[in-house]
Structure formats: C-alpha cells, structure tokens
Amino acid sequence: MMQFTRSAPPLTSIHPNGLGLCLDDDASKHSLHRSWPWPWSGLLTSSKSLGRLNTASCMEQLLVHCANAIESNDATLAQQILWVLNNIAPPDGDSNQRLTSAFLRALIARASKTGSCKMLTAVAARADADLALHLHRFSAIDLASFIDLTPWHRFGYAAANAAIVEAVEGLPVVHIIDLSTTHCMQVPTLIDLLANRPEGPPFIRLTVPTFTTTATPPMLDMSYDELGSRLVNFARSRNVAMEFIMIPSDPSDAFDSLIEHLRVQRLVSEGEAVIVNCQMLLHYIPEETVGAIVSTMNVNSPIPSLRTMFLKALRSLEPTLVTLVDEDADFTACDVVGRLRSAFNYLWIPYDAVDTFLPKGSEQRRWYEAGLCWKIENVIAQEGLQRVERQEPKGRWGQRMRAAGFRSVGFTEEAAREVNSMLGEHAAGWGSKREDEDLMLTWKGHNVVFASAWMPS
C-alpha cells in the first residue's frame, strides 16, 4: 500500500508574492486580502485568525480552490492559497493538519510536473530532491513486524487465508498465485495453516510476479531469489514441500506474461488447486482512463478496460478460488479536484489511526506517514501510466468480477471470528462487518478495506 520513507523536511514558507515573506508583513497581507475570493478574507489578519481555518472542511475547501487555481494556471492565486495552507497545516501538527500538508506538497508537485504555475517549480524540485534522499527499504523481518502494527493488511490476510484453507481442503497440490504489494508477507501464516491440516499438508507451488516497470511500495531490501529461498526453508521447517516461481510481469500490461505462464502451467499440471490471491494490487492495473495503451485494438473500436481483460483471462484458467482484497475508495476520477476530494475524505483514516499505535516522532511513524505522502502525490500529481494509485470501491470490483464470469462465495462464520480475533490485538477504533457476502474493515464506523472471495460461475 505504501512507500515507506523518512519524513520530508518542512516546506519553505510560501507567500503570495512568491518571495517567502513572513506572516507579519502588512503590505503582503493587504495584497492577499484584496484578491481573496472567499468569505474568510476578513479573518486573515493574524495567526489567531488563521487558526479559525484549521478544520478539516475548511482545509479541504482551500485545497480544492488551490487545485483549481493550479489547473487554470493562476499562479498568483495558487501562491496565496498555498501560503495560507502552509501556515495552518504544519507537517507535524494534528492528523488533519498532517493530511493537509501532504496534499499541499502533492499540489506543488503537480504544478511542477504538469508545467502549470511555473513559479512553483523550484519549490517542488527542492521537495522532490529531499524526499528522494530518504527512501527506506525493509528487511523481510522488519517489514513483517511493520505490517503487524495495523490491521490494514492483516485484515485481508486473515480473511483470505481462512477462505483459501477451506477451498483446498483435502487437495494434495495447491498452486498459489500471490498478487500482493507486501512481498509474500501473508504466505508464512498460510503455510502454518496448511501444515496443520488433519489430512496432512499439500505440496505448495507459489508463483509471484516480479515487476518489470512498476515499482510499488513498500520497498524490500532483498532480491526475490533470496525471499523465495527463505520461504522455501520456512515451509520445510513446517514439513511442507514448496516450490517458488518468479515470473517477470507487470500490472501496466495486465500481467500478460504471468497469465500466459499460468495458461501453459495449467496444461501440464492437472489436478492442482489454483488459488489467485489478490491483495491490494489489482488497482495498479490501468483502468479505462488510460486504456489507450492497448495499441492492438482497432482505433475505431471501443477500447476495453485492462482490468476487465485481466479478469476474463483469469476466469479462463478455471481457478479454484480468487480472493480479492483492496481499499474501499475511488481514486479514478479524470479531474484532479474529484480525486482530491475522494482521497482527502478517505486518507484521513490512516492519519487518524496512526496516533493510536505509533508515538509522535518515532522512526516507524515517519516511514508510515511518508508512505501516505507517496500515495497522495501519486493520486494528485501524476497522470497517465505514472498514476498507479487508481482504487475502485467494492461495488465496482464486484460488478467487474461478475461480468468476467465469477460468483461470490462469501466467508464462513469461522473466517469472521478469525478476523475479529486479529482485530482484538489492535486499537478499539478498528472493527469489521459483513456487506453482502464480503467482509469490511472499518475505522470508527467508516469503511476502509474490503475482502471478497470468488469462484467461477
């Protein structure tokens, strides 16, 4: 889900005239008030007045106005709003302020990347350079420990593993295709569950894609050769025979080479259960707004969604089970303001939740929040194939799965109990509920991540 980095340095104070003046400069305040287009203009006379804008709804509105100014290439107005945002949303403030600060940086980056508001380019270049110096790569053990801090991923692991174990009961060979952003961190627990089957463990064939172009966070500080060797040794320690297979493939082409490998594998490996475990990775497959990269189609014909093409290809493999877990959000709007509103009203959740499990100033918290900044910048500042964070809500994924020839199989009560037992290890704000046949992770009653299970219809 995230790229973990150390926190970026504070943004240089931005003033309406672009020269970095301070809050108490009377002349520049007068310039700000003269062109301020909202009913708050009379409030901007002191730090105390600026504090009145320090609510989530006001900060969201300021961000929207700033995005519109950048898109219309109104550099003066953009500078004015950025100056206010920079002073009411410090990167080390409360959760709403930190969230707003991340969006502020993303808007500056967008201005630089799209060529609008050229006055902001120098500020954006400095911020990008500072961020690039603080990339963090996890060891496998550290990444597993980091993931355990929150149910953001563990929820999907628990739900999917319960469904997988039930689906392969009694089957001697299980082929798991792990499409995950977290580098097989789910697999050790699944191995343990399969090792303890009353009928004995199956032979496990684990296939994973190794990305050829899309570098998705979090970053792992080891090769997949080494990771595979460790997983095979772990399985052996549980008396489970396992084969680890790597296929160079990428979401940008709907995992075309992976699908072809699996198609060939199905021809030579009869009788094995095929499990496709999709953990927060399918939203990296481009959707309709960038479907034009499918160059083989007739230019006069409708261009299909790569996501639809992938799911139909998956269905042709006759998998035993497909588990689909992702964030219940919609970041697919063509316009940046639409994406900004959607992302702002979803990503407050991890900023709010982090206060319950990581202390302010801790190294892990810096990694966690810098990863959120990476996601926000990708949603706001990038376009085309570079914008990989294209989440779709649960309902839309359900429509795609059914259209591709799958039916929902739901989760048992035992699976729900496993999920709730795991949530008991975390803060009281986390919860789960059923929605139709799916399970939903919630934070303070708000939908966060959904888990679903599917079979060919």
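How many cavities of 30 Å³ or more does the count come to? The answer is three, and the model they sit in is a predicted one.

**The largest pocket**
- Volume first: the largest pocket comes in at about 820 Å³.
- Its lining takes in 28 residues, and the ones nearest the centre are Tyr157, Asn161, Pro188, Thr189 and Leu193.
- Helix 8 (151–167) is one of the helices that supply at least two lining residues each, along with helix 7 (140–147), helix 9 (187–195), helix 10 (224–237) and helix 16 (413–423).
- Of the contributors, helix 8 gives the most, putting seven residues into the lining.

**The largest cavity**
- The largest cavity holds about 80 Å³ of space.
- Around it sit 13 lining residues, with Tyr284, Pro286, Leu385, Arg387 and Val388 nearest the centre.
- The lining of this cavity splits into seven nonpolar, four polar and two charged residues.

**Thr323**
- You'll find Thr323 in strand 7, which runs over residues 321–327.
- Setting aside neighbours within four places in sequence, Thr323 touches Ala160, Ala163 and Ile164, then Val276, Asn277 and Cys278, and finally Ser452 and Ala453.

How values were computed
Residues are numbered from 1 along each chain as its sequence is written. This is a predicted model: local features need pLDDT of at least 70, side-chain atom pairs count only at pLDDT 80 or more; totals for chains, interfaces and linings use all residues. Side-chain values use heavy atoms; hydrogens and water are left out. On a 1 Å grid over the protein atoms alone, a cavity is a set of points where a 1.4 Å probe fits but cannot get out, and a pocket is an open set with protein on both sides within 12 Å along at least five of seven lines; lining residues have an atom within 4 Å of a point. Grid points are joined across faces, edges and corners, and a volume is the space filled by probe spheres set on the points. Helices (H or I, at least four residues) and strands (E, at least two) are DSSP runs, numbered from the N terminus. Contact means heavy atoms within 4.5 Å. Ala, Val, Leu, Ile, Met, Phe, Trp, Tyr, Cys and Pro count as nonpolar, Asp, Glu, Lys and Arg as charged, and the others, Gly among them, as polar.
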